[in-house]
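Biologist: I would like to learn how to read a helix in a model. Can we take one feature at a time?

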Amino acid sequence: MAAAQSPSIALLYPGDRADPKESRFAALFDAFAAAGVRAEPCIYHDDFADEVAAQLRRVQAVLVWCNPIEGGRRRDRLDALLREVADAGVFVSTHPDIIQRLGTKDVLLETCDLPFGSDVQRIDSLAQLAAELPARLAQGPRVLKQVRGHSGIGVWRVEQTGGGALQVRHAQRDCADERISPAALCERLAPYFEPEAGGHMIDQGWQPRIAEGTLRAYLVEDRVAGFGVQAVNALHPCEPTPGPRLYHGPDLPELQALKQRLDSQWIEQLRQRVGVPRERLPLLWDCDFMFGERAAGQPERYVLCEINVSSVSPFPPSAIAPLVAAAKARLAASR
């Protein structure tokens, strides 16, 4: 009887507030309750990971919100824990193995030839960076990205300037343009080539239309559930501070062409390319797009910037109902 009364689903996130009403997911907790799904908060920290593991073994499913780097710590212990509870039969979204396929910058290289792809290269060492970057910079600015991060951490815009110097800008909030030497750039980027940071970087061609803003498509499994529109990007050379992201439902008129492409083709193309079965797609994830260059008279072009899977928050209210429905379906399938 005790097992029947225990919560069916846990919402895992770092922090210090276990009261659902005080968490950033209060509306989601309310929606689960209204749908007849028992949900409980699961506050995570490496220091009490064993207690979290014991809690998760008592539920049927866990939805996870935890950045790749949180408070100076990486997700290694959490990912191992999630794999353990998944092997024990708990449904985990998003499973660490799926994050590796979808939620790292490597996905840009995997999909560079798809309709939303762009000029992307992989850099495996500082020696390769020093040897190959100058020729690419001669064609225009580049954006160098660490394999796994968030909030602009480890994302650098690099542009060639006169006298052999480089103009660089870190995408992390409140960072400004700097003028440094190629040797200083290599020194700056060296930590991203360490094994614990992924061992390589992704080099993506600069998109000149970045001044027009970026678009975030929020997805529940394989369907668009809302949009986020941001007018100013952190890497735009003339803007020191990114603007706010404004949230919209999936019916935003000006983005119906993007929604149609995602729902009818692009998500399926992406899923097949990275080898993720539909039943293992994240319950909640998002794709960030930039405006790409296009020929006159051609339809709007969208270029994939990154995919967020580890900690998709905040998200538009329109995503809550489909997320709850998808979670209920997964719970029913696991019984």
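Biologist: Which residue follows helix 9, and is its phi positive or negative?

Modeller: Keep in mind that this is a predicted model. Gly275 comes after helix 9, and its phi is positive, near 75°.

Biologist: How many helices and strands does the protein have?

Modeller: There are 10 helices and 17 strands.

Biologist: What should helix 9 span, and what is the distance between its end C-alpha atoms?

Modeller: The rule is 1.5 Å a residue. Helix 9 has 19 residues, 256–274, so it should span 27 Å. Its end C-alpha atoms are 25 Å apart, which agrees.

Biologist: Where does helix 9 bend?

Modeller: The bend is at Leu262 and comes to about 55°.

Biologist: Which residues of helix 9 are buried?

Modeller: Start with the general idea. An α-helix has 3.6 residues a turn, so residues three or four places apart point the same way. In helix 9 the buried residues include Leu258, Leu262, Trp266 and Leu270.

Biologist: What do the buried residues of helix 9 pack against?

Modeller: They pack against two helices, helix 5 (96–102) and helix 6 (106–110). They also pack against strand 13 (214–220), strand 14 (223–230), strand 16 (285–291) and strand 17 (302–308).

Biologist: And what radius of gyration does the protein have?

Modeller: A compact globule with 335 residues would have a value near 20 Å; the protein has 21 Å, which agrees. Buried residues make up 53% of the 335.

Definitions and conventions: Residues numbered from 1 in each chain as written. Predicted model: local features only at pLDDT ≥ 70, side-chain atom pairs only at ≥ 80, totals over all residues. Heavy atoms only, no water. Helix = DSSP H or I, 4+ residues; strand = E, 2+ residues; numbered from the N terminus. Expected span 1.5 Å × (residues − 1). Bend = angle between axes of the 7 residues up to and from the residue. Buried < 20%, exposed > 50% of the residue type's maximum accessible area, 1.4 Å probe, protein only. Contact = heavy atoms within 4.5 Å. Rg over C-alpha atoms; globule rule 2.2 N^0.38 Å.
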